[in-house]
Amino acid sequence: MSWIASPAQLKRRGVLGMNRRNIMLIGQHNDRRRFPLVDDKLKTKQLAEEAGIAAPGLISLIQYQHQVRRIEQLLAEHSCFCIKPAKGSGGKGILVIHDHDNQNYFKPNNQSVSLPELKRHLSNILAGLFSLGGQPDKAIIESLIHFDNRFARYSFEGVPDIRIIVFRGYPVMAMMRLSTEASDGKANLHQGAVGVGLHIDNGKAAYAVQFDKPVAEHPDTGQALDQLVIPEWRKLLVMAARCYEITGLGYLGVDIVLDAHQGPMLLELNARPGLAIQIANNVGLEQRMSQLQTVIPQNLSPLDRVSAVQQLFQSS
Ligand SMILES: Nc1ncnc2c1ncn2[C@@H]1O[C@H](COP(=O)(O)OP(=O)(O)O)[C@@H](O)[C@H]1O
Ligand SMILES: [Mg+2]
């Protein structure tokens, strides 16, 4: 298979245009009243907990300036954690800390953040600097995901995450996002992470891109990307499919991380998933969705929906 496609080929393969995606998918399948469930990572965490879906543990929720002032006491007993705005997106405002001595806090690349800088960062989160619409926000401090050693050569200083697009409850497209030196320990594609498209039936690599261009190896580690295969793949598909029931959203981006000790965990949900997943797969979503709509019965359980797509989207 060729790993290089021209824009014309992508168009022929049905990669959806931005307007079309917005109008057709988001408008038709997502009830706006349900957006707050996924636009706030704290609410998503609560939904996951109620449904028994694993998610990174909440260490603390920071809502007030007086909590920021004594943050060092709160963090003293936690050697590593991740700070994020509850209503952030695209990796903005996320601070991953893997160690500290109560004065300096160390990022995955070993750059340090001083205590006053950390406090300023938290105040900026509360002021809404990184959040949807610039509204005042809360800061979530959650347990650090320790990523599985099997992926050590697939990622540079950060946790890879797996995005699965779930259409009316059916997983239709997936990719793994690998952090790179350029993406600063975060797996967001526009910051320079690598996107590896995954076959829906078996979780094996299908294609890969960085900055929308095909790549064969991880740019920092040299690891061949076509060797990538996600362990416990069916478990991830089922977790993603269940997010349809818990949110009621018909077009959903489900982001999952693999923790070395706790296995797959739900990181976030997105009611307006981007188009990059189609570039990372070199396949259009429209094609997958029309295949699905013609053959798949309604009212199946999450497990049966997963079996159905594994049958329908066979890679070989
Ligand atoms: N608890 C965590 N532990 C380690 N890394 C994390 C954690 N939470 C987020 N990250 C890193 O930051 C990236 C973005 O986090 P995410 O919660 O998806 O926020 P956003 O909505 O900004 O994309 C993730 O892909 C991951 O690489
Ligand atoms: Mg994300």
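**Ground rules.** I am working with a predicted model, where local features need pLDDT of at least 70, side-chain atom pairs count only at pLDDT 80 or more, and totals for chains, interfaces and linings use all residues. Residues are numbered from 1 along each chain as its sequence is written, chains are lettered from A and ligands numbered from 1 in the order written, and side-chain values use heavy atoms, with hydrogens and water left out.

**Domains.** I looked up how the protein is divided, and found domain 1 (7–54 + 147–312) and domain 2 (58–142); such bounds come from an automatic or database domain assignment. Their C-alpha centres lie 26 Å apart. Twelve residues from domain 1 and 17 residues from domain 2 take part in the contact, where contact means heavy atoms within 4.5 Å.

**Ligand 1.** Which residues come nearest to ligand 1? I noted Lys41, Lys84, Gly91, Glu142 and Glu268, out of 22 residues around ligand 1 (a residue is near if one of its heavy atoms lies within 4 Å). Domain 1 and domain 2 each give at least three residues to this shell. Strand 2 (81–85) and strand 14 (263–270) each supply at least two; strands are DSSP runs of E with at least two residues, helices are runs of H or I with at least four, and both are numbered from the N terminus.

Next I checked the N and O atoms. A nitrogen atom of ligand 1 sits 2.9 Å from an N or O atom in the side chain of Glu142. An oxygen atom of ligand 1 is 2.9 Å from a polar side-chain atom of Asp161.

**Arg305.** I found Arg305 in helix 11 (residues 302–312). Buried or exposed, I wondered about Arg305? Arg305 is buried, because its relative accessible area is 3% (buried is under 20%, exposed over 50%, partly exposed in between, with a 1.4 Å probe and protein chains only). Its side chain reaches the backbone oxygen of Ala241 at 2.9 Å.

**Ser123.** Ser123 is in helix 7 (residues 115–126). I put Ser123 down as partly exposed, because its relative accessibility is 21%. Not counting residues up to four places away in sequence, Ser123 touches Gln65 and Val68.

Key: Polar contact = N/O pair within 3.5 Å; in protein donor to acceptor, adjacent residues only side chain to side chain.
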